[in-house]
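Biologist: I would like to go through this model with you and check each term against its definition. Shall we look at it together?

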Amino acid sequence: MDGANGAEAAANRLVAVRAEIAQACRDAGRAPQDVTLICVSKTFDIPEIRPVLAAGQRAFGENRVQEAQRKWPVLRAEAPDVVLHLIGPLQSNKAREAVETFDVIHTVDRPKIAAALADEMARQGRRLPVFIQVNTGAEPQKAGILPPEADAFIAACRAQYGLDLQGLMCIPPADEVAAPHFALLAKIAARNGVSGLSMGMSGDFPTAISQGATHVRVGSAIFGTRPAAAQPAQNPA
Ligand SMILES: *Cc1c(COP(=O)(O)O)cnc(C)c1O
């Protein structure tokens with residue numbers, strides 16, 4: 001869909017997703033304001049994002065640094081209170097651009113990235129909230145620290161790298177039931193005193209909310225389906 005109808009459709013779907021989030025919160029006995037909707041705008045261009053901004057949405061997610069650098073300076077000039085979340089894997093040679101471009105980073109997953117981000121944040125005087133990505137399904141092709149290594153890495157991010165650790169993030173294996181992965185992430189967070197949980201996408205955000213998600217990352221349920229080539233979430237940012 002494109003043009004005015006497409007724009008209207010995205011704004012309508014945003015309203016529907018917000019209502020589903022509110023319902024999932026009620027079902028779980030949680031307050032709706034405890035769950036942040038991150039609208040995932042990857043692959044969609046400025047004219048498609050504008051109506052969602054106009055509908056009041058302010059938290060957005062992108063998975064590639066370069067794409068975000070191209071789109072968001074324009075959109076931020078129109079809506080300075082946007083909060084932009086990096087949800088794609090990060091290479092250490094992109095740490096500078098990532099810290100310049102984003103407000104929250106969800107994909108800290110190894111010491112080299114933690115160190116590069118800490119250096120850049122100090123250099124730029126910009127201490128961003130971060131999430132650690134956990135590869136709950138131990139998938140070889142997927143980014144994220146492995147669950148048995150998570151406690152030590154969380155401790156290192158706090159003490160050694162001095163990062164502002166706000167939460168954990170996961171992407172469950174596409175072919176598995178998501179709830180046990182969300183539960184595992186919540187368990188790792190609880191035993192480490194980490195409060196944020198970035199989990200749940202278009203297909204499973206109500207389940208994620210029932211398991212304690214504080215940030216849900218929803219793209220296609222708002223913007224419509226992406227071209228197939230754009231689907232893999234695991235290419236380096
Ligand atoms: C693309 C993406 C999403 C959104 O996926 P949808 O199924 O379109 O809601 C969420 N998280 C990450 C990490 C992504 O790359």
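Modeller: What distance separates a polar side-chain atom of R226 from an oxygen atom of the ligand, and what makes such a pair a polar contact?

Biologist: The distance is 2.8 Å. A polar contact is a pair of N or O atoms within 3.5 Å (within protein, one must be able to donate a hydrogen and the other to accept it, and residues adjacent in sequence count only if both atoms are side-chain atoms), so the R226 pair qualifies.

Modeller: Before going on, the model is predicted: local features need pLDDT of at least 70 and side-chain atom pairs pLDDT 80 or more, whereas totals for chains, interfaces and linings use all residues. Residues are numbered from 1 along each chain as its sequence is written, and side-chain values use heavy atoms, without hydrogens or water.

Biologist: Which atom of S220 is 2.8 Å from an oxygen atom of the ligand?

Modeller: A polar backbone atom of S220. In the side chain of R217, an N or O atom is 2.9 Å from a nitrogen atom of the ligand.

Biologist: How much of the ligand does the protein bury?

Modeller: It buries 95% of the 390 Å² that the ligand exposes taken alone (Shrake-Rupley method, 1.4 Å probe; for residues, only the protein chains shown count as cover).

Biologist: Why is helix α2 called roughly parallel to helix α3?

Modeller: The axes of α2 (residues 46–54) and α3 (residues 65–78) cross at roughly 30 degrees and come within 11 Å. Angles under 35 degrees count as roughly parallel (over 145 as roughly antiparallel, 65 to 115 as roughly perpendicular, the rest as oblique), so α2 is roughly parallel to α3.

Technical notes:
Axes are lines fitted to C-alpha atoms, for helices over the stretch in contact, and angles run from 0 to 180 degrees between N-to-C directions. Helices (H or I, at least four residues) and strands (E, at least two) are DSSP runs, numbered from the N terminus.
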